[in-house]
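Okay, thanks for making time, everyone. Let me put the model up and we'll walk through it together.

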Amino acid sequence: KVDASVADAARVAKAFGVEGVPAGALKAGARVAASRDEIRLDDASVGIAGATATAAGTLGTGGEPRADLKVGLQVADLAKLRSGLPAAPLSFDGRLVVSGERVELKDAKGRLAKSNFALRFAMRGRDKRRVDAALSSPRIDLNPILEGKTAEAKPARKPKAKYVFGEAPLPLDALKDVDARVHVAIGELRIAAGSLKDLDATLSAAGGKAVLEARARGGVGGTLGASVKLSPSGGRKADLAVDLDAKALRLGLGAGGEIAPEEVPATGAQVRIEARGASARELAAGANGTILVSAGPGKIGGGLAAVVGGDLLGELVGKLNPFAEQDPYTQLDCGVIRGKIVDGQATLEPMFMQTRKVAVVAAGHVDLHTEALDVDFNTRPRTGIGISAGMFATPFIEIAGTLASPRLSVGAKGAAAGAAAAMTGGISVLAQGLFDRARGTQDLCAEEKLP
């Protein structure tokens, strides 16, 4: 019988140059029986900071590696185990089998916060590893996990990076030595008030290529399909192809209060992008493709913008729609975002959103080489609701700066010219017409052929 303890595990770990070990007592113990061929472990456990790992079974001695162990993990609070983890409990148990070059995790089941899951993992090979893994769950609710992010667990704020798309080389060499397939099947994935159902995703890597394919249904309705392919194209570069299709997708994001899940606008999306480069930054600078997003009628909650796009989008919505704070929800008639990317130059034309009270038209440009952006917005009141244009203190708003450091300001160009031609050098005749119609407060949804 073996027992060991350490009064302060963090202090001892620090002496050996190991960081991140939680402070507090560490206790370990086991019953060990050895024979010529194997070592048997009974009641083996290691405990620290409210977490206990257990193992029981046999370990082979000599020759090829052999093991057959029942393993388990019980964590009362992940946040106490390591900074940055959510304040949520975790439990896990399974069977670990090692036979020569093959490592397999069998009959593995666990629970994270309120979500149950099953896990399967198998790996074989030394020089070139072959991996086959699967995660399945009837329902995973991310809300308790996200809500468990305590203030103490948040890492110190790092200085903002200059670019959103990093310059680190793509890990193409690592893909050459991997033959892997990871499958994820989740009956329902919940985040905030929204959800995806029947989520099925497969990530495969072989011959230096990586492919991610996924499909799902919206929690309230509609479908989503996506495909991402990365393959070497010579030298240190790779080809990237992204395809995404969403049809009448209703996730339920923004539902609650006076908004029923089925009242959230249905969204359609088509994304086709191809790129080549040796880093994420080069891929962005060499991208070509199209983006089209459209939303139908429905109710939008005031907090949805912050959930989807963070503080900047929430501030933008507040400036474009002066009624956003006082109204319990915004009644959307329609919305469209259309973009075209040619050799890393993204043109956004047209973009418009029409609600029961306001019409917003926008046009702009993003240079993915420098990540500089310039998008102008023009807001006008709808007719027949007793609102005058004078109630809009700043009808012209622009987003400028870069993708990494965007900023809002009064759109001097739009205010001076009063037309889309003044925006980014007159990029859109169609946007010009939309601006004129917004100025006349006509029904943009009825006049435009929405996809």
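**A serine to start with**

So, Ser115 first: its relative accessibility is 4%, so we call Ser115 buried. Keep in mind that this is a predicted model. In the fold, Ser115 belongs to strand β8, which covers residues 115-124. And what does the side chain of Ser115 reach? That would be the backbone nitrogen of Asp141, at 2.8 Å. If you skip the neighbours within four places in sequence, the contacts of Ser115 are Gly110, Arg139, Ile140 and Asp141.

Okay, on to the nonpolar packing. The largest nonpolar core has 31 residues, and the ones touching the most other members are Leu316 and Phe377.

What about aromatics? The count of aromatic pairs is 0.

Last thing, confidence. Mean pLDDT for the protein is 84, with 83% of residues at 70 or more. Residues 150-155 are below 50, and that stretch has 5 contacts in the model beyond near neighbours in sequence. Residues 414-431 are also below 50, and there the model has 37 contacts beyond near neighbours in sequence.

Okay, that's my tour.

Terms used. Residues are numbered from 1 along each chain as its sequence is written. This is a predicted model: local features need pLDDT of at least 70, side-chain atom pairs count only at pLDDT 80 or more; totals for chains, interfaces and linings use all residues. Side-chain values use heavy atoms; hydrogens and water are left out. Rings of Phe, Tyr and Trp (its six-membered ring) pair if their centres lie within 6.5 Å; planes under 30 degrees apart count as stacked, over 60 as edge-to-face and the rest as tilted. A nonpolar core is a set of buried Ala, Val, Leu, Ile, Met, Phe, Trp, Tyr and Cys residues joined through side-chain atoms within 4.5 Å. Buried means under 20% relative accessible area, exposed over 50%, partly exposed in between (1.4 Å probe, protein chains only). pLDDT is the predictor's confidence in each residue, from 0 to 100. Contact means heavy atoms within 4.5 Å. Helices (H or I, at least four residues) and strands (E, at least two) are DSSP runs, numbered from the N terminus. A polar contact is a pair of N or O atoms within 3.5 Å; within protein, one must be able to donate a hydrogen and the other to accept it, and residues adjacent in sequence count only if both atoms are side-chain atoms.
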